[in-house]
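Here is a walk through a handful of helices and a few residues worth a look. Have the viewer open as you read.

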Amino acid sequence: MIPLSDSLQSELRELLGPRFSTAAAICDQHAGGGMHLPPLPPQAVASVESLDKIVRACAAHGAPIIPFGAGTSLECHVGAPRGGVCMDVSAMKRVLRLSPEDQDCTVEAGLTRIALNEHLRHTGLFFPVDPGADATIGGMASTRASGTTTLRYGGMRENVMALTVVTPDGRVIRTAQRARKSSAGYDLTHLFVGSEGTLGVIADVTLRLHAAPEATSAAVCAFKSPFGAASTAIDAVQCGLPLARAEYLDAVSMRAVNRAFSTAYAEADTLFLEFHGSPEEVAYYAERARSIANENGGGAFQWAIETEARNELWKARHNAGFATLSLRPGARPWSTDVCVPISQLARCIETTKRDIADLPFPAAVLGHIGDGNFHVILLVDPESADERITAQRFNDRLVARAIEAEGTCTGEHGVGLGKRESLRHELGEAVTLMRDIKRALDPRDLMNPGNIFLPDEAA
């Protein structure tokens, strides 16, 4: 790791004043270790309100640049294996433009999704992408995030219309206009969406918004087996039911939720479902889903129609990952995810559950079952090298199983530092092409080095 030059530090202090820091405590807060990976602090943190001058200064001195939003990513996307300057964009949180008649808006990269929806609350519109954490919009675009509502509204891939990006040499580019479709040249927007900060720093994002549903209802349904829960979600999707959410928690997850939130859900494989539409549509689709669940061994539906009741239900789902910590105090969670074609989902979950039964530590399965994406949270003793090795082997088998089913090593967590080998396993020579694009745009490997590519690939 090369020390930051005194001249760069002086230049950044002149540009940023007290918003530039090399203090160890500040750097440690931006170390981005994820859940199971070690923290990798930068050498300095720049809290920015605009990007181009800061990027140009770092590039001129050959300093690595690590974009940072809320720090909620799970695969060490914001770690700094080569040191450098962490560019914290959390102060860039303005809504730059809102066009209700066009159902779109442009926001700075540091605005969080919850703050955006609060801003939209009186417009009749909302931004649907919900990864659970209150992530920044720029971070969500960088990791091609999705989440609980992807089944109906799509993820960031479908909802980002355009970006303003600062490239590794400090150029400010606009990737597209606001038109709903375009055949004008390369699709640069979606080159940067999912690039995990390795090609540039996102300054602002133009987003597609959606009309808030007239009526919403949610339900919880317990099953006798994971196969029954998965089959219900698959059958509902294949029947064309416009589910807004279809979330799965296994019996272990439900036990953790009950323990953490003093709830009384059945400790069984469980579906959390949500329906959007007119009151008549919601009632009709909910009844069809209940019938499908019954055919697959589901129990009675526990309904939540009022906003407060629905919020409590989804609070339990969103916090299920953290709730699992109550099952093994002192453990460190290792959260991994895969995504498979929905026709392969039930078999993949069932095989994974058999694999979990042989682990020497607890593990929970949960996920966005309606689009084939599920997570496994491994509760590993951080002091046990044997358990870490066992967890890694489990993760490797899970990824191999998903890829064999023509799925992916990560449905929404991204690659970061944690799944670089898995990406090569999945896409082979396509990763070489990604590396060529990276070299063309960032020949000195200054932008978020270490992410996506193994060290010998990024050189």
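What follows goes helix by helix and then turns to single residues.

## Ground rules

This is a predicted model, where local features need pLDDT of at least 70 and side-chain atom pairs count only at pLDDT 80 or more, while totals for chains, interfaces and linings use all residues. Residues are numbered from 1 along each chain as its sequence is written, and side-chain values use heavy atoms, with hydrogens and water left out.

Helices (H or I, at least four residues) and strands (E, at least two) are DSSP runs, numbered from the N terminus.

## Helices α1 and α3

Start with α1 (residues 6-16) and α3 (residues 52-60), which pack at an angle of about 175° with their axes 10 Å apart. That angle makes α1 roughly antiparallel to α3. Here the axes are lines fitted to C-alpha atoms, for helices over the stretch in contact, and angles run from 0 to 180 degrees between N-to-C directions; over 145 degrees counts as roughly antiparallel, under 35 as roughly parallel, 65 to 115 as roughly perpendicular and the rest as oblique.

Who meets whom? On the α1 side you'll find Leu8, Glu11, Leu12, Leu15 and Leu16, and they meet Lys53, Ile54, Ala57 and Cys58 of α3. Contact means heavy atoms within 4.5 Å. Sorted by class, this contact has seven nonpolar, no polar and two charged residues (Ala, Val, Leu, Ile, Met, Phe, Trp, Tyr, Cys and Pro count as nonpolar, Asp, Glu, Lys and Arg as charged, and the others, Gly among them, as polar).

Gln9 also sits in α1. With 16% relative accessibility, Gln9 counts as buried (buried is under 20% relative accessible area, exposed over 50%, partly exposed in between, with a 1.4 Å probe and protein chains only). Leaving aside neighbours within four places in sequence, Gln9 is in contact with Leu4, Phe20 and Thr22.

## Helix α11

Next up is α11 (residues 279-295), whose 17 residues reach 25 Å from first C-alpha to last, close to the 24 Å expected at 1.5 Å a residue. The expected span is 1.5 Å times one less than the number of residues.

Which residues of α11 are buried? They are Val282, Ala286, Ala289, Ile292 and Ala293. These residues cover an arc of only 120° around the axis, so they lie on the same side of α11; the arc is that of the directions from the helix axis to the C-beta atoms. An α-helix has 3.6 residues a turn, so residues three or four places apart point the same way. The buried residues pack against β12 (215-223), α9 (226-238), β14 (269-277) and β15 (302-304). Turned away from that buried side, the other face carries exposed Glu280, Asn294 and Glu295.

Val399 lies in α15 (residues 385-404) and, at 2% relative accessibility, counts as buried. Not counting residues up to four places away in sequence, Val399 touches Val338, Cys409, Lys419 and Ser422.

Ser422 is one of the buried residues of α16 (residues 420-427), along with Arg420 and Leu423. They cover an arc of only 155° around the axis, which puts them on the same side of α16.

## Positive phi

Most residues other than glycine have a negative phi. Gln103 is not a glycine, yet has a positive phi of about 55°; it lies in the loop between β5 (95-99) and β6 (104-108). Glu406, also not a glycine, has a positive phi of about 65° and lies in the loop between α15 and α16. Glu406 is exposed, with a relative accessible area of 72%.
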